Amino acid sequence: MALDIIAVIAVPAVLMVFVAAAVARRRAPTTSESDSVSFIGGVLSALFTVVLAFYVVFAWQAGADIRSTSDTEANALIDSYHQADVGPGPGRDHMRDLLREYAAAVADREWSSLETTGRDDPRLDAITTELRAQFMAMPAADAGTEFRREQGLDDLRQIDESHRSRVNAVGSVFNQVLLVGTIVGAVLMIGFPLLVGLGGRPVDLVVVAVLAAVLATIVFLAVLLARPLSGPFGADPGPFRDALSNMQQLA
């Protein structure tokens with residue numbers, strides 16, 4: 001990982017030095033040219049900063065939302081597992097099997113499927129539908145049983161809502177558009193000085209190298225932020241693994 005980061009930063013910097021040296025302008029710019037270049041460069045820099053700021057905020061929030069909804073979903077699974085305890089023997093065991101299957105399906109299948117294809121696991125909707133029917137069919141022999149049945153149904157509603165929120169947060173088109181804008185902005189930031197004609201002095205080449213390294217780092221981190229289910233900034237299915245472990249201990 002460390003070597004990858006170094007390569008991502010160093011390669012663009014070295015490459016831009018060679019490009020800048022090849023296309024360097026040999027004459028000093030006039031005053032009017034310098035003013036125009038400074039103005040356009042300032043506008044590009046401001047636009048890039050705005051797009052980058054929006055992207056970081058929304059991408060970070062998407063990851064935080066996924067972590068929050070995952071915790072809520074996993075906690076509702078554990079609570080509904082407790083509420084199923086008052087059901088009749090065979091029905092109770094079946095309900096608990098379904099809840100354990102749900103947690104295992106998210107941790108072992110759906111999480112990676114959302115990361116690679118953006119698709120959720122249709123089996124989860126089938127499980128919640130079956131569990132809802134099981135809770136509704138639970139005989140309300142007394143007030144305690146009635147409370148547990150209603151609480152179980154509330155848990156299933158929470159599970160369903162949290163699941164949908166988690167799936168929607170992964171496939172945010174707005175974040176993808178902002179990521180593309182960030183990458184395009186970085187290209188313009190490094191390409192503009194080369195297009196207008198950069199000086200060939202050593203200090204100019206150093207500036208290009210530093211700028212390329214900084215922009216390459218920003219783009220690299222932006223791409224990592226675009227993966228809310230993996231990587232150093234991504235959420236993990238830990239809450240569902242913990243929920244499954246908890247339920248297995250209670251079995």
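Which helix holds H163? H163 sits in helix α5. The model described here is predicted.

## Overall architecture

The protein has eight helices and zero strands. Along the sequence the pattern reads α-α-α-α-α-α-α-α.

Of the 251 residues in the protein, 39% are buried. The accessible surface comes to about 13,300 Å². Carbon and sulfur atoms account for 65% of that surface. Take the contacts between residues at least 6 apart in sequence: 80% of them join residues at least 24 apart.

## H163 and E73

H163 counts as buried because its relative accessibility is 2%. Its contacts beyond four places in sequence are E73, Y102, E110, D120, L124 and D125. H163 and E73 are 90 residues apart in sequence, yet their C-alpha atoms are 6.9 Å apart.

E73 belongs to helix α2. E73 has a relative accessible area of 0%, so it is buried. Which side chain makes a polar contact with the side chain of E73? The partner is R166, at 3.0 Å. Leaving out residues up to four places away, E73 touches Y102, I159, S162, H163, R166 and F240.

## S80 in helix α2

S80 is found in α2, which covers residues 31-83. S80 is buried, because its relative accessibility is 0%. A polar atom of the S80 side chain lies 2.8 Å from the backbone oxygen of L77.

Beyond four places in sequence, S80 touches L99, F135, D155 and I159. S80 and D154 are 74 residues apart along the chain, and 8.7 Å separates their C-alpha atoms.

## Helix α4

Helix α4 spans residues 122-136, 15 residues in total. From first C-alpha to last, α4 reaches 22 Å, close to the 21 Å expected at 1.5 Å a residue. At the start of α4, a side-chain oxygen of D121 comes to within 3.0 Å of the backbone nitrogen of R123.

Which residues of α4 are buried? They are L124, I127, T128, L131 and F135. Seen down the helix axis, the buried residues of α4 fall within an arc of 95 degrees, so they line one face of the helix. P122 and M136, on the other side, are exposed.

## The nonpolar cores

The largest nonpolar core has 34 residues. Those that touch the most other members are I66, L77, Y102, W111, L131, F135 and F240. Helices α2, α3 (89-116), α4, α5 (143-170) and α8 (238-250) each give two or more residues to this core. Which element supplies the largest share? That share, ten residues, comes from α3.

I66 has contacts with W111, R166, A169, V170, P228, L229 and A235, leaving aside residues up to four places away in sequence. R166 is also the polar partner of E73. A second, separate core has nine residues, including I190, A212, L215 and V219.

## Helix α8

Helix α8 has 13 residues. From its first C-alpha to its last, α8 reaches 18 Å, close to the 18 Å expected at 1.5 Å a residue. G238, P239, F240, A243, L244 and M247 are buried in α8.

## T182 in helix α6

T182 lies in helix α6, residues 173-196. Is T182 buried or exposed? T182 counts as buried because its relative accessibility is 0%.

Apart from neighbours within four places in sequence, T182 is in contact with F48, V51, L52, Y55 and A222. T182 and I218 are 36 residues apart in sequence, and their C-alpha atoms are 8.8 Å apart in space.

Definitions and conventions. Residues are numbered from 1 along each chain as its sequence is written. This is a predicted model: local features need pLDDT of at least 70, side-chain atom pairs count only at pLDDT 80 or more; totals for chains, interfaces and linings use all residues. Side-chain values use heavy atoms; hydrogens and water are left out. Helices (H or I, at least four residues) and strands (E, at least two) are DSSP runs, numbered from the N terminus. The expected span of a helix is 1.5 Å times one less than its number of residues. Buried means under 20% relative accessible area, exposed over 50%, partly exposed in between (1.4 Å probe, protein chains only). The arc is that of the directions from the helix axis to the C-beta atoms. A polar contact is a pair of N or O atoms within 3.5 Å; within protein, one must be able to donate a hydrogen and the other to accept it, and residues adjacent in sequence count only if both atoms are side-chain atoms. Contact means heavy atoms within 4.5 Å. A nonpolar core is a set of buried Ala, Val, Leu, Ile, Met, Phe, Trp, Tyr and Cys residues joined through side-chain atoms within 4.5 Å. Accessible areas come from the Shrake-Rupley method with a 1.4 Å probe; for residues, only the protein chains shown count as cover.
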